[in-house]
Amino acid sequence: MEKNSKIYIAGHKGMVGSAILRKLTQEGFTNIVSKSSKELDLRDQYSVKNFFEIEEPEYVFLAAAKVGGIVANNTYRADFIYENLAIQNNIIHNAYVHGVKKLMFLGSSCIYPKLAPQPLKEEYLLTGTLEHTNEPYAIAKIAGIKMCEAYRDQYGCNFISVMPTNLYGPNDNYDLEKSHVLPAMIRKFHEAKHQGLLNVTLWGTGSPMREFLYADDLAGACLYLMENYSESELVNVGTGVDVTIKELAETVKEIVGFEGQIIWDTAKPDGTPRKLMDVSKLHNVGWRHTINLKEGIALAYNDFLVNHSSLRL
């Protein structure tokens, strides 16, 4: 990509899209196109078609998606599959129709089978049963990967897919019903601290293992891959290091400064036992993460304190 190449970031206000926008801006890219959901409904076929006809972007980062944690995924199952399929279909197809030079589709680690061997290699896709709680979202993301592959096979499109591990950072969602585990912990421990509570209750046993990547690290990987990777196979993006949910909770508790106890509600589901990405392909391409988990949580908590005053007590 040239510094003046016309680049469209779909989902620029979300955690991933905003991180990509920050990274591109920092690196001197000057011709970035973005539209809020109020300006452009990506679920609407005609609106997306009209947008591509007018703007004619050369490069596309497809970071727009309906996302949420285990509660939201399991509750709004129809919304998650319908909205994500609509967004993907409209953008990928119009990228082909209007001659986009390169498109990056961002998926999720939940595309892999629930009981796949660990760490998760790219070739494990479609080799087993998915985790039930987020199956509709995962199926939508798998469809996006396969759509990019199909448009490459049939039309020669340079469409690539990257699968980030669990993400956190600036512009995260701290809604306790819809957020992912790490931002939910940040908010819960923060509120408990300021309310003087003696304990915080968290879901499950705390035994599942998860990998976490800071959003700005993901943005760095996305730019690097956009400029250095053009193969059909998807690429995992992560750290290659995981922790138990209990270890995560203790780290967040320490950083927030909550001094009470953690109670584990074992009647609630744990989800997938372990999700660790095999990032050997990413490392072989030449990129590695730079922000460790403790440092990243401290940065995320600072963002929560500065930019989410409506949620703070």
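The model is predicted: local features need pLDDT of at least 70, side-chain atom pairs count only at pLDDT 80 or more, and totals for chains, interfaces and linings use all residues. Residues are numbered from 1 along each chain as its sequence is written, and side-chain values use heavy atoms, with hydrogens and water left out.

Strands here are DSSP runs of E with at least two residues, helices are runs of H or I with at least four residues, and both are numbered from the N terminus. Two strands pair if DSSP finds at least two bridges between them. For strand 2, look at strand 1 (residues 7-10): the two pair in the parallel sense over two bridges. Ile 7 has Ile 32 in strand 2 as its bridge partner.

Now turn to the helices. Two packed helices are described by the angle between their axes and the distance between the axes. The crossing of helix 2 and helix 4 is right-handed, meaning that the near helix is turned clockwise from the far one by less than a right angle. From helix 2, Gln 45, Val 48, Lys 49 and Phe 52 meet Asn 90, Ile 91, Asn 94 and Ala 95 of helix 4. Contact means heavy atoms within 4.5 Å. By class, this contact has four nonpolar, three polar and one charged residues. Ala, Val, Leu, Ile, Met, Phe, Trp, Tyr, Cys and Pro count as nonpolar, Asp, Glu, Lys and Arg as charged, and the others, Gly among them, as polar.

Next come the charges. Side chains of opposite charge can pair when their charged atoms come close. Arg 43 lies in the loop between strand 2 and helix 2 and Glu 83 in helix 4, so the pair ties together parts that are 40 residues apart in sequence. Arg 43 is partly exposed at 38% relative accessible area, while Glu 83 is buried at 17%. Buried means under 20% relative accessible area, exposed over 50%, and partly exposed in between (1.4 Å probe, protein chains only).

Lys 114 and Glu 131 form another salt bridge (3.3 Å, N to O). Both lie in the loop between strand 4 (102-106) and helix 5 (135-155), 17 residues apart. Lys 114 is partly exposed at 32%; Glu 131 is buried at 7%.

Within helix 5, Glu 149 and Lys 146 sit three residues apart, about one turn of the helix. Their closest N and O atoms are 3.2 Å apart, in a salt bridge. Lys 146 is partly exposed at 36% relative accessibility.

Finish at Asn 73 in helix 3 (residues 70-75). Not counting residues up to four places away in sequence, Asn 73 touches Gly 68, Phe 80, Thr 133, Asn 134 and Tyr 137.

Technical notes: Salt bridge = Lys/Arg side-chain N within 4 Å of Asp/Glu carboxyl O.
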